[in-house]
Amino acid sequence: MPSTPSRKTEQSRRLRERAESMIPGGVNSPVRAFGAVGGEPPFIVRGKGSRIWDADENEFIDYLGSWGPLILGHAAEHVLDAIVGAACNGTSFGASTPAEADLAELAISAFPHIQKVRFVSSGTEATMSAIRLARAYTKRKYIVKFEGCYHGHADALLVKAGSGVATLGIPGSAGVPEEFIQFTLALPFNNITAVEHAFQRFKHQIACVIVEPVVGNMGCVPGVDDYLVALRMITEREKAVLIFDEVMTGFRVAFGGAQELYNIRPDLTTMGKIIGGGLPVGAYGGPSEIMNLVAPLGPMYQAGTLSGNPLAMAAGCATVKYLREHKEEIYPKLEKLSEQLVRGVAAAAKDAGVTLCANRVGSMFTWFFTAGPVTDWESAARSNTEQFARFFRGMLDNGVYLPPSQYEAAFLSAAHSEEDVQETIAAAKRAMAAVRG
Ligand code: KE4
């Protein structure tokens with residue numbers, strides 16, 4: 001692979017230098033800085049369908065989809081129309097609007113275990129609030145999360161987290177006092193014995209278990225065997241709240257998320273990404289018995305200036321309504337094309353003598369540069385991240401945009417075509433040649 005990329009990068013370089021002079025790392029979210037993969041991060045100027053274009057007019061087939069929200073692809077006409085239509089009536093009122101109940105109804109139609117839902121503006125707010133609610137409901141202090149899982153950047157959750165924390169190889173975060181994480185238990189994923197031991201050691205003290213029911217933030221790692229069923233049984237027995245963090249999996253792995261796919265009832269569900277259709281929306285929901293503790297009904301406080309923002313509600317409604325109306329066609333298409341893509345790239349690796357382990361659930365997937373199986377953080381961290389970086393740069397130079405980290409999931413959208421998949425597999429064949437180094 002040429003050290004200098006084949007694609008033009010002059011405009012993106014200029015834009016990065018300008019941004020770096022005013023914004024830490026030139027980015028508003030760390031993983032976008034390409035720290036783990038090197039090279040010049042493209043500054044994106046527009047997207048349409050499965051494609052994005054950067055400031056140097058390079059075109060890419062996009063498998064990031066804004067880290068998951070864009071399951072319908074970029075600039076879907078009916079989503080844009082909904083946003084513009086809402087904007088013509090004003091952008092924000094700080095008062096209730098009809099669209100909030102519209103999106104609540106749509107979310108509850110997808111997640112029947114939810115009786116009440118509260119909207120916030122990010123997945124971080126959703127998980128932070130759900131944990132506070134679980135502690136208020138149980139009057140317990142400890143929480144269980146899993147190594148390699150990422151639930152946003154709330155202090156208590158920045159413990160052995162995945163996503164950007166894992167990508168940057170930092171243990172947690174500076175500025176989080178020990179006292180703030182003393183009640184956070186981080187356990188290995190897919191190890192039910194560790195969960196049993198935690199509940200024995202902290203009997204009647206654990207408020208909740210929060211889990212990505214299909215992990216995306218150490219790369220894509222599903223539960224093995226009946227892991228999620230066992231989690232449900234233990235939390236039921238111990239009267240702890242089971243929180244499915246479906247910020248990534250919600251509307252992604254099935255219209256009703258992982259809880260539909262695996263037929264498991266969590267106590268609370270957090271949502272984000274797709275439910276906002278590309279605009280800032282997070283949500284948490286569950287049975288009224290728990291949700292009625294949320295202010296103003298109950299004593300658990302949570303608030304937000306732009307919560308339920310009309311433009312975000314419009315984008316979310318347009319997206320979720322379209323998914324609901326076309327799910328019989330969309331999810332089988334996502335499954336078929338994702339399977340073809342993941343298998344094709346794995347075959348390209350095999351032909352090039354590159355060791356690769358592919359994990360996929362529906363249209364979220366990761367190619368790990370390790371023999372595998374990859375079932376937890378320990379096995380994911382065995383990946384050859386330098387080989388991943390060479391693969392990433394090779395794909396980018398061949399017009400394919402992947403998540404810039406080995407420890408992230410990639411996403412295929414309903415706007416992707418058979419031709420996109422074939423083009424991507426061809427690009428992988430070219431990129432793999434340089435991977436072995
Ligand atoms: P946000 O606060 O970024 O909206 O959501 C936090 C969050 C919560 N739960 C899960 C399962 C998530 O995946 C996320 C955020 N995902 C990352 C990418 N894996 C966001 C990308 C970024 O941080 O730039």
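Tutor: Strands here are DSSP runs of at least two residues, numbered from the N terminus, and in this predicted model that numbering places Ser363 in the loop between strand E13 (357-361) and strand E14 (364-368).

A position within a strand can be described in the same terms. Leu242 belongs to strand E10 (residues 241-245), and with a relative accessibility of 0% Leu242 also counts as buried. Its contacts, again not counting residues up to four places away in sequence, are Val209, Val211, Arg232, Thr235, Pro266, Asp267 and Leu268. For one of these, Val209, the separation from Leu242 is 33 residues in sequence, while the C-alpha to C-alpha distance is 5.1 Å.

The ligand provides a further setting. There are 17 residues around the ligand, and those that come nearest are Ser29, Thr124, Asn217, Asp245 and Glu408. In Thr124, a polar side-chain atom lies 2.7 Å from an oxygen atom of the ligand. For Glu408, an N or O atom of the side chain is 2.7 Å from a nitrogen atom of the ligand, and for Lys273 the corresponding distance from a side-chain N or O atom to a ligand nitrogen is 3.0 Å.

Finally, there is the second largest pocket, with a volume of about 380 Å³. It is lined by 16 residues, of which Ser96, Glu100, Arg118, Phe119 and Ser307 are the closest to its centre. Helix H3 (98-110) and strand E4 (116-120) are the elements that give two or more residues to this lining, and E4 gives the most, with four. By residue type, the lining of this pocket divides into six nonpolar, seven polar and three charged residues.

How values were computed:
Residues are numbered from 1 along each chain as its sequence is written. This is a predicted model: local features need pLDDT of at least 70, side-chain atom pairs count only at pLDDT 80 or more; totals for chains, interfaces and linings use all residues. Side-chain values use heavy atoms; hydrogens and water are left out. On a 1 Å grid over the protein atoms alone, a cavity is a set of points where a 1.4 Å probe fits but cannot get out, and a pocket is an open set with protein on both sides within 12 Å along at least five of seven lines; lining residues have an atom within 4 Å of a point. Grid points are joined across faces, edges and corners, and a volume is the space filled by probe spheres set on the points. Ala, Val, Leu, Ile, Met, Phe, Trp, Tyr, Cys and Pro count as nonpolar, Asp, Glu, Lys and Arg as charged, and the others, Gly among them, as polar. A residue is near a molecule or strand if one of its heavy atoms lies within 4 Å of it. A polar contact is a pair of N or O atoms within 3.5 Å; within protein, one must be able to donate a hydrogen and the other to accept it, and residues adjacent in sequence count only if both atoms are side-chain atoms. Buried means under 20% relative accessible area, exposed over 50%, partly exposed in between (1.4 Å probe, protein chains only). Contact means heavy atoms within 4.5 Å.
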